[in-house]
Structure formats: structure tokens, C-alpha cells
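Hi there,

Here is the structure I promised to pass on. Please have a look at it alongside my notes.

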Amino acid sequence: MDQNKYKIVQIAPLSLVIEIGFNPREAVIGNLCYELEPVKSTITSIKQAYKEGRRVDLIKVVLKDGQYIVRQGHCRTHALKLALSEGAVIPSISVVLLAYDNEIEEYLENLDGNRSNGLNPVSQAHALAHAVKMGSSVESLSQRYQRSTTAIRNMLKILDMPVELQRLISMGEIKKTLAIVIMLLYSHDHAKVLAHPNTP
């Protein structure tokens with residue numbers, strides 16, 4: 001992003017707002033994603049950093065209707081609010097205030113930020129599908145994330161799975177590769193897929 005598209009500002013921590021459903025990490029399982037490893041441990045360590053006054057990467061936000069909406073740094077925001085709830089005194093924080101030319105870039109900023117703490121395959125699929133729905137092409141996503149167009153299209157096929165199976169993948173109870181095998185075995189018949197012995 002061009003430097004004239006962002007600036008550093010000071011805000012009150014509790015003025016941060018998380019838009020429900022914006023973070024693809026929450027796909028299918030909602031806020032439960034923040035309770036699963038390795039995300040849970042990441043949040044705990046960031047919380048401790050906030051409590052001890054150590055450096056934490058800045059949260060990125062946009063200003064809409066007078067509210068600072070988180071666009072990158074959902075785990076950091078959860079950690080910050082936990083630190084405050086446990087008695088940490090943090091009167092203000094620095095955040096990166098972003099300005100976008102279009103909604104696609106605003107959405108992809110969040111997806112970009114999840115590289116360091118990778119999304120599970122289901123979250124990735126939902127994120128890519130949403131980007132395509134907003135107007136991104138498979139080819140542009142392929143270039144942006146340095147993956148083949150085939151890999152992107154294969155990832156999108158996860159959305160053909162029943163939601164129950166997507167949830168099991170998100171929870172780490174079944175591997176994506178096994179889920180794909182089961183889907184192919186039953187020619188995508190959702191009832192038979194969910195009745196398969198290897199589906200918990």
C-alpha cells in the first residue's frame with residue numbers, strides 16, 4: 001500500500017471494533033477459532049507482551065462511521081482486550097489507519113495479514129471465494145499468493161463439502177486430504193460422505 005494510503009494514529013484500546021464475519025479465520029466455527037491451537041497460544045503470548053509493555057505489531061484499522069474497524073490484527077485485538085480485562089493499564093495504542101481505493105483491497109489486507117499465523121484450509125477457501133465474489137480473478141489471487149491457478153481452484157472446491165465436514169476440518173478432527181478422498185469416493189453425495197466410517 002502506498003504511504004499516502006495510511007498513517008499512524010493513537011486511539012483508546014476499547015475503541016477497536018471487530019466486524020463479525022470479516023475475518024475468514026472465523027468461517028464455519030465462529031469465535032471458536034480463537035480457542036484452538038496454535039491460535040490460542042499465539043493470543044496468550046501477545047496478551048503477555050501487551051501486559052509487559054513489549055512491542056507488538058500494530059493493528060491495522062479503517063475509520064467508518066466514527067468507529068475504528070479492525071482490518072488486520074484480530075488475534076492481537078483479542079489479546080489486547082484480554083490484557084485489559086486482566087488489569088493491564090493501557091490508556092492508548094498506536095494503530096495503522098488505512099485508506100482504500102476499493103473493498104477488494106480492504107478485504108485482502110486481512111487475508112495478507114493471516115500469513116504469519118496461517119489459516120486452516122476451510123478458512124482459506126472461504127477467504128478466496130469471498131475475494132472472487134467481490135471481483136478478484138483466480139489468476140490475480142494466484143499471482144498475489146504465489147500459488148498456481150490449479151491450487152486456488154482446488155482450494156475453492158472445499159466449499160462443495162457439507163458444512164459439517166468443513167467444520168471437522170476446521171477443528172482438526174479430519175485432514176483435508178482425507179475429506180477430499182471421501183468426497184470423491186461418494187461422488188459428492190453429502191449424506192453418504194457424512195455417513196462414512198472415517199468421518200468422526
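Predicted model: local features only at pLDDT ≥ 70, side-chain atom pairs only at ≥ 80, totals over all residues.

Let me begin with a peptide bond. Glu37 and Pro38 are joined in the cis form, with omega at about 5°. Pro38 belongs to the loop that runs between β2 (16-17) and α1 (39-52).

Gln146 counts as exposed, because its relative accessibility is 73% and the cut-off for exposed is over 50%. For His188, phi is near 65°; the loop here is the one between α8 (176-185) and α9 (190-195). With a relative accessible area of 39%, His188 is partly exposed.

Now to helix α3, residues 103-113. Which of its residues are buried? They are Ile104, Glu106, Tyr107, Leu108, Glu109, Asn110 and Leu111. What do the buried residues of α3 pack against? Their partners include the strands β3 (59-64), β4 (67-72) and β5 (93-98), as well as the helices α2 (74-85), α4 (121-134) and α5. At the N-terminal end, α3 is capped by Asn102, which places a side-chain oxygen 3.1 Å from the backbone nitrogen of Ile104. Ile104 is also one of the buried residues listed above.

Happy to go through any of this with you.

Best wishes

Key: Residues numbered from 1 in each chain as written. Heavy atoms only, no water. Helix = DSSP H or I, 4+ residues; strand = E, 2+ residues; numbered from the N terminus. Buried < 20%, exposed > 50% of the residue type's maximum accessible area, 1.4 Å probe, protein only. Contact = heavy atoms within 4.5 Å. Polar contact = N/O pair within 3.5 Å; in protein donor to acceptor, adjacent residues only side chain to side chain.
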